[in-house]
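User: Got a model open here. Can you walk me through the sheets?
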Amino acid sequence: MAELIEAKTDIKVTRTVNLGGSNVVWNALKNNEVQLFPDYTGTIVANYYQEETGTSEESLSKTRELLKADNLAFLEPFGMNNTYTLAVTKETADQYNLKTFSDLAKVSDEMTLGVEFEFLDRDDGYPGIQKLYDMNFKDSKGMDHGIMYQAIEKGETDVTNAYATDAQIIVHNLVILEDDKQFFPPYDGGPVIRQDTLDQYPELEDVLNLLKGQITDAEMQELNAQVDMEGLKEDDVARDFLVKKGLIE
């Protein structure tokens, strides 16, 4: 988003990264410490506002309704649905014949869960899964996103949460389990921006909406792979992607 804004307008964007999770960024947005960031409909509806989600279209509508009341706006979605899922190694899947979350629930008391810190506490994370699937692990550990995959590869954990667009799924040869009761809501990504910022810079809406439908799940997984596996810089990967899409020169 920052690359596109700077290419299409005279606005200079300050990039602030590694703030410590979506809840931290959300509070920073409300406090006007940041004015714009990418987020997901499922996170906004279920986590920030603790409301019920629905289909992608229903969740998008609910997102915009909730944000408007707080003088925030969700612009056009990027196209990717970065939904949560649970993953295990191929060996674990074969050993226990795991295909679905329900399969996992039956043997969860024999396993250790390793997930991001906030996943342990969020209503759209482990607490919700426990309730719907009666899934209770013998131990659950919170850790940084990158360490999760190292932990499951080393056998320190048996199950991890993952994102649909995460390149590490391929790197570590993990098996994605089916959310057979459809616990996880849609996580359609898009720009969240303060309304006062949009009022001050109205050109931002048209510029950011150039990203509408431009990023598929597979494309996002490939972009993540360029950073995680090939060691390329995030800014360079983003810029190259925009050039390939014909959005900047």
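User: In what order do the five strands of the open sheet come?

Analyst: This is a predicted model. The order is β5-β4-β6-β3-β7, and the pairing is mixed.

User: Which strands stand at the edges there?

Analyst: β5 (139-143) and β7 (174-176). Each has a single partner strand, so one side of each lacks a neighbour in the sheet. From one strand to the next, the twist averages 35°.

User: In what sense do β4 and β6 pair?

Analyst: Parallel, over two bridges. β4 covers residues 112-116 and β6 covers residues 159-163. For G114, the bridge partner in β6 is T160.

User: Which helix packs on that sheet?

Analyst: Helix α8, residues 145-153, does. It touches β3 (84-89), β4, β5, β6 and β7. The direction of α8 makes about 135° with that of β6.

User: Switching topic. What about the open sheet of three strands?

Analyst: The order there is β1-β8-β2, with antiparallel pairing. β1 (36-40) and β2 (72-74) are the edge strands. Each has a single partner strand, so one side of each has no neighbour in the sheet. The twist averages 30° from one strand to the next.

User: How many bridges join β2 to β8?

Analyst: Three, and the two strands run antiparallel. β8 spans residues 189-194.

Definitions and conventions: Residues are numbered from 1 along each chain as its sequence is written. This is a predicted model: local features need pLDDT of at least 70, side-chain atom pairs count only at pLDDT 80 or more; totals for chains, interfaces and linings use all residues. Side-chain values use heavy atoms; hydrogens and water are left out. Two strands pair if DSSP finds at least two bridges between them. Helices (H or I, at least four residues) and strands (E, at least two) are DSSP runs, numbered from the N terminus. Axes are lines fitted to C-alpha atoms, for helices over the stretch in contact, and angles run from 0 to 180 degrees between N-to-C directions. Contact means heavy atoms within 4.5 Å.
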